[in-house]
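Let's take a friendly walk through the inside of a protein. Have the sequence and the 3D view open as you read.

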Amino acid sequence: MAARILPLLCLLAVLLAHACSSHEPAPEPAPQPRVFGHWDVVELHGQPRRFEGEVPYLRISPDGKLAGFSGVNRFTGQADPAGLEQGRFDIGPLALTRMAGSAEAMAFERRFLGAIEGSTTCRVVEGRLELI
């Protein structure tokens, strides 16, 4: 009888040891760089910013609030924070101040605001925010 039980106990011990062994969890996907923060405009549509003065910027808060300087005027707005985390750039209308500037600065501002309002996707690549 003992000869019959011993192999069964050994098999049970092996099965229990395997069932209790820890398995390495699957690696988590690499976290995506966050879009929240202050982003200075260094280029627009592949062209570097060329005029002097205060650097245009876009600031994105974790609650989705947008604020910035577009070359002449300041602006504010709101984006969907969950969408931003997923790479979507869903924004509502922007509110702007109404100041005038040089023709070059005003032209840049129109292109910059058009890029912000026309973008649907955002991502961080090599430490730079890209709006697409």
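## The nonpolar core

Which residues touch the most other members of the largest nonpolar core? They are Ile-60, Leu-84 and Leu-129, in a core of 21 residues. Please keep in mind that this is a predicted model.

H3 gives the largest share, five residues. As background, in soluble globular proteins nonpolar side chains tend to be buried together.

Setting aside neighbours within four places in sequence, Ile-60 is in contact with Val-35, Phe-36, Gly-37, Trp-39, Lys-65, Leu-66, Leu-84, Phe-89 and Leu-129. That list includes Leu-84 and Leu-129, which are named beside Ile-60 among the residues touching the most other core members.

## Aromatic rings

How many aromatic pairs does the structure hold? There are two. In one of them, the ring centres of Phe-75 and Phe-112 are 6.1 Å apart and the planes meet at 70°; planes over 60 degrees apart count as edge-to-face, so this pair is edge-to-face. The pair links distant parts of the chain, with Phe-75 in strand E6 (residues 74–78) and Phe-112 in helix H3 (residues 103–118), 37 residues apart. Are these two residues buried or exposed? Both Phe-75 and Phe-112 are buried.

The other pair, Phe-108 and Phe-112, is stacked, with 6.1 Å from centre to centre and 25° between the planes. These two residues are separated by about one helical turn because they lie four residues apart in helix H3. Phe-108 is buried, as is Phe-112. Taken together, Phe-75, Phe-108 and Phe-112 form one aromatic cluster.

## The largest pocket

Now for the open space. The largest pocket has a volume of about 550 Å³, and 19 residues line it. Which of them lie nearest its centre? Those are Glu-43, Leu-44, Leu-129, Glu-130 and Leu-131.

Strand E1 (37–40), strand E2 (43–44), H3 and strand E9 (128–131) each give two or more residues to the lining. E9 provides the largest share, four residues. By residue type, the lining divides into eleven nonpolar, three polar and five charged residues.

Conventions: Residues numbered from 1 in each chain as written. Predicted model: local features only at pLDDT ≥ 70, side-chain atom pairs only at ≥ 80, totals over all residues. Heavy atoms only, no water. Phe/Tyr/Trp six-rings, centres within 6.5 Å; stacked < 30°, edge-to-face > 60°. Buried < 20%, exposed > 50% of the residue type's maximum accessible area, 1.4 Å probe, protein only. Core = buried A, V, L, I, M, F, W, Y, C linked by side-chain atoms within 4.5 Å. Contact = heavy atoms within 4.5 Å. 1 Å grid on protein atoms, 1.4 Å probe; cavity = no way out; pocket = protein on both sides within 12 Å on 5 of 7 lines; lining within 4 Å. Points joined across faces, edges and corners; volume = space filled by probe spheres on them. Nonpolar A, V, L, I, M, F, W, Y, C, P; charged D, E, K, R; others polar.
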